[in-house]
Amino acid sequence: MSLETVSTTRTFGGIQGVYRHRSRETGADMTFSVFVPPQAGQGPRPVVWYLSGLTCTHANVTEKGQFQRACAELGLVFVAPDTSPRGEGVPDDPAYDFGQGAGFYVDATQAPWAEHFRMESYIVSELPEVVAANFPVDMARQGLTGHSMGGHGALTLALKTPGRWKSVSAFAPIASPMRCPWGEKALTGYLGPDREAWRRYDATALIEDGARLPEVLVDQGDADNFLKDQLKPELLEAACRRAGIPLTLRLQPGYDHSYYFIATFMADHLAWHAERLA
């Protein structure tokens with residue numbers, strides 16, 4: 001399990017690093033970032049995983065998310081993977097919302113995507129092995145969060161692996177990919193036209209089909225230009241209400257879909273995770 005160090009930087013008493021490895025799941029070189037807090041010198045620390053949104057890499061949240069100070073204060077390791085496989089031989093699409101940068105955290109079944117686009121298995125199985133083998137993490141205390149497409153990924157992966165994650169939150173998640181243009185395009189391309197096959201990648205549908213979480217925190221800006229047509233948090237809210245899942249859905253006045261929004265509420269989310277990972 002060879003791991004290449006791309007860069008390391010000291011910040012807030014901890015280490016912000018960027019790393020690369022060859023993935024067995026995606027058949028490509030995958031880059032991810034890890035912040036290790038100063039408390040790691042005293043033993044393994046709880047870890048929060050952050051899944052990014054469309055067009056992003058690990059770098060967006062690492063450079064703009066403003067999580068390092070909060071993680072240093074709370075003693076949290078913070079892991080930020082890429083959103084898809086990349087590189088020579090990996091298929092792509094000219095549109096921003098499909099192909100490289102838009103993996104949707106699914107294991108694709110359709111050609112030409114199935115060979116490389118195995119982001120569910122990468123996030124759930126392979127990358128945790130890499131992180132556990134190389135960083136001071138307590139894998140019994142894991143939290144999961146994400147933004148937009150990554151919020152969809154955080155919710156669906158947590159719903160499908162009950163007990164794995166002690167805390168789950170999201171920033172402006174795609175609440176029901178089956179019922180929005182982004183999701184319909186991606187799920188058709190990666191999984192084919194059978195909408196029943198899409199249900200395991202739709203948080204609202206998973207809850208309707210019996211999946212459960214102990215509780216969820218979601219922040220959503222009310223000035224988000226994707227709110228009405230793409231994100232539809234009201235669908236998640238209704239599904240959680242019917243299922244008895246405690247959902248804290250905070251509609252934040254004046255905030256959009258950008259990293260200014262994420263950075264504003266990042267410390268809140270990390271404190272929320274830290275409380276449940278204690």
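**Close-up views of a predicted model**

**View 1. Strands 4 and 6 in the sheet.** Strand 4 (residues 45–51) and strand 6 (residues 137–146) run parallel and are joined by six bridges. Here valine 47 stands opposite glutamine 142 of strand 6. The model is predicted, so local features need pLDDT of at least 70 and side-chain atom pairs count only at pLDDT 80 or more, while totals for chains, interfaces and linings use all residues. Residues are numbered from 1 along each chain as its sequence is written, and side-chain values use heavy atoms, with hydrogens and water left out. Helices (H or I, at least four residues) and strands (E, at least two) are DSSP runs numbered from the N terminus; two strands pair if DSSP finds at least two bridges between them.

View 2. Nine strands form an open sheet with mixed pairing, in the order 1-2-3-5-4-6-7-8-9. Strand 1 (4–11) and strand 9 (247–252) are at the edges with a single partner strand each, so one side of each is left without a neighbour in the sheet. On average, neighbouring strands of this sheet are turned by 20° against each other, direction ignored.

**View 3. Helices 4 and 10 on the sheet.** Helix 4 (residues 149–160) lies across strand 4, strand 6, strand 7 (167–171) and strand 8 (216–221), and runs at about 130° to strand 6. Helix 10 (residues 259–277) packs on the sheet, and the strands it touches include strand 5 (77–80) and strand 9. The direction of helix 10 makes about 170° with that of strand 7. Contact means heavy atoms within 4.5 Å; axes are lines fitted to C-alpha atoms, for helices over the stretch in contact, and angles run from 0 to 180 degrees between N-to-C directions.

**View 4. Aromatic pairs.** The whole structure holds 14 aromatic pairs (Phe, Tyr and Trp rings, the six-membered one for Trp, with centres within 6.5 Å; planes under 30 degrees apart are stacked, over 60 edge-to-face, the rest tilted). Phenylalanine 67 and phenylalanine 78 have ring centres 3.8 Å apart and planes at 10°, so this pair is stacked. Both phenylalanine 67 and phenylalanine 78 are buried (under 20% relative accessible area; exposed is over 50%, partly exposed in between; 1.4 Å probe, protein chains only). Tyrosine 255 and phenylalanine 265 pair edge-to-face, at 5.0 Å centre to centre with 70° between the planes. Tyrosine 255 is partly exposed at 29% relative accessibility, whereas phenylalanine 265 is buried at 9%.
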